[in-house]
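This briefing is meant to be read beside the sequence and the structure.

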Amino acid sequence: MLASCDSGSNAVEPQIPLVAFNTPINLTNQEYVALRADNGAAYVAGGVRGLIVVRQNASTYAAFERNCPYRANDTCARVRIDASRLFLRDACCASQFDLLGRPQAGPATRSLRQYTTSLSGSILTITN
């Protein structure tokens with residue numbers, strides 16, 4: 001049977017699996033041009049279903065798991081950067097998260113999993 005983001009279920013929400021990774025990215029790479037401005041966001045490989053990196057300011061970046069915390073085992077539970085670039089959303093269950101990973105709307109009540117970031121020159125390293 002396929003699972004969905006139907007809010008009528010009283011099942012306990014599963015946890016997102018833990019994976020070990022160490023992902024360095026070069027912020028001067030054109031792929032990450034959005035990370036050159038505050039509140040810019042970009043997709044990065046890593047984590048369970050990928051990462052979303054958000055620049056908070058010139059020296060502070062946040063990295064979030066793309067696996068939505070609501071019904072985490074659903075195959076469609078993958079957070080994306082909204083076209084407005086003002087928030088993050090999971091189209092599967094319609095949960096919305098601010099650029100700090102906190103739930104703003106929808107059935108999700110937990111924040112996105114956040115990973116550790118460290119900046120050295122133009123290299124941002126994301127680890128779990």
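Read along the sequence, the protein follows the pattern β-β-β-β-β-β-β-β-β-β. It has 0 helices and 10 strands, taken as DSSP runs numbered from the N terminus (helices: H or I, at least four residues; strands: E, at least two). The model is predicted, so local features need pLDDT of at least 70 and side-chain atom pairs count only at pLDDT 80 or more, while totals for chains, interfaces and linings use all residues. Residues are numbered from 1 along each chain as its sequence is written, and side-chain values use heavy atoms, with hydrogens and water left out.

**Burial and contacts**

- Of the 128 residues, 41% count as buried, where buried means under 20% relative accessible area, exposed over 50% and partly exposed in between (1.4 Å probe, protein chains only).
- Among contacts (heavy atoms within 4.5 Å) with a separation of 6 or more, 46% come from residues 24 or more positions apart.

**Nonpolar cores**

- A nonpolar core is a set of buried Ala, Val, Leu, Ile, Met, Phe, Trp, Tyr and Cys residues joined through side-chain atoms within 4.5 Å.
- The largest one has 16 residues, and those with the most contacts inside it are Ile52, Val54, Cys68, Val79, Leu88, Phe97 and Leu112.
- Strands S3, S4 (60–65) and S5 (79–81) each supply at least two residues of this core.
- Apart from it lies another core, of 14 residues, among them Leu35, Ala42, Tyr61 and Tyr115.
- Not counting residues up to four places away in sequence, Ile52 touches, among others, Ala41, Tyr43, Phe64, Val79, Ile81 and Leu88.

**Aromatic pair**

- There is 1 aromatic pair, counted when ring centres of Phe, Tyr and Trp (its six-membered ring) lie within 6.5 Å; planes under 30 degrees apart are stacked, over 60 edge-to-face and the rest tilted.
- The ring centres of Phe21 and Tyr115 are 4.8 Å apart with planes at 80°, so the pair is edge-to-face.
- Phe21 lies in the segment before S1 and Tyr115 in strand S9 (residues 114–120), so the pair ties together parts that are 94 residues apart in sequence.

**Salt bridges**

- The count is 2 salt bridges, each a side-chain nitrogen of Lys or Arg within 4 Å of a carboxyl oxygen of Asp or Glu.
- Asp38 and Arg55 form one at 2.9 Å, N to O.
- Asp38 is partly exposed at 45% relative accessible area, whereas Arg55 is buried at 13%.
- Asp98 and Arg102 form a salt bridge at 2.7 Å, N to O.
- Asp98 is buried at 12%, while Arg102 is partly exposed at 43%.

**Arg49**

- Arg49 lies in the loop between strand S2 (41–44) and strand S3 (51–57).
- Arg49 is buried yet has no salt bridge, and the nearest side chain of opposite charge, Glu65, is 6.5 Å away; Lys and Arg count as positive, Asp and Glu as negative, with His and the chain ends not counted.
- The side chain of Arg49 reaches the backbone oxygen of Asp74 at 2.7 Å.

**Ala34**

- Ala34 lies in the loop between strand S1 (22–26) and S2 and is partly exposed, with a relative accessible area of 25%.
- Ala34 and Val53 are 19 residues apart in sequence and 9.7 Å apart in space, C-alpha to C-alpha.

Note on methods:
Polar contact = N/O pair within 3.5 Å; in protein donor to acceptor, adjacent residues only side chain to side chain.
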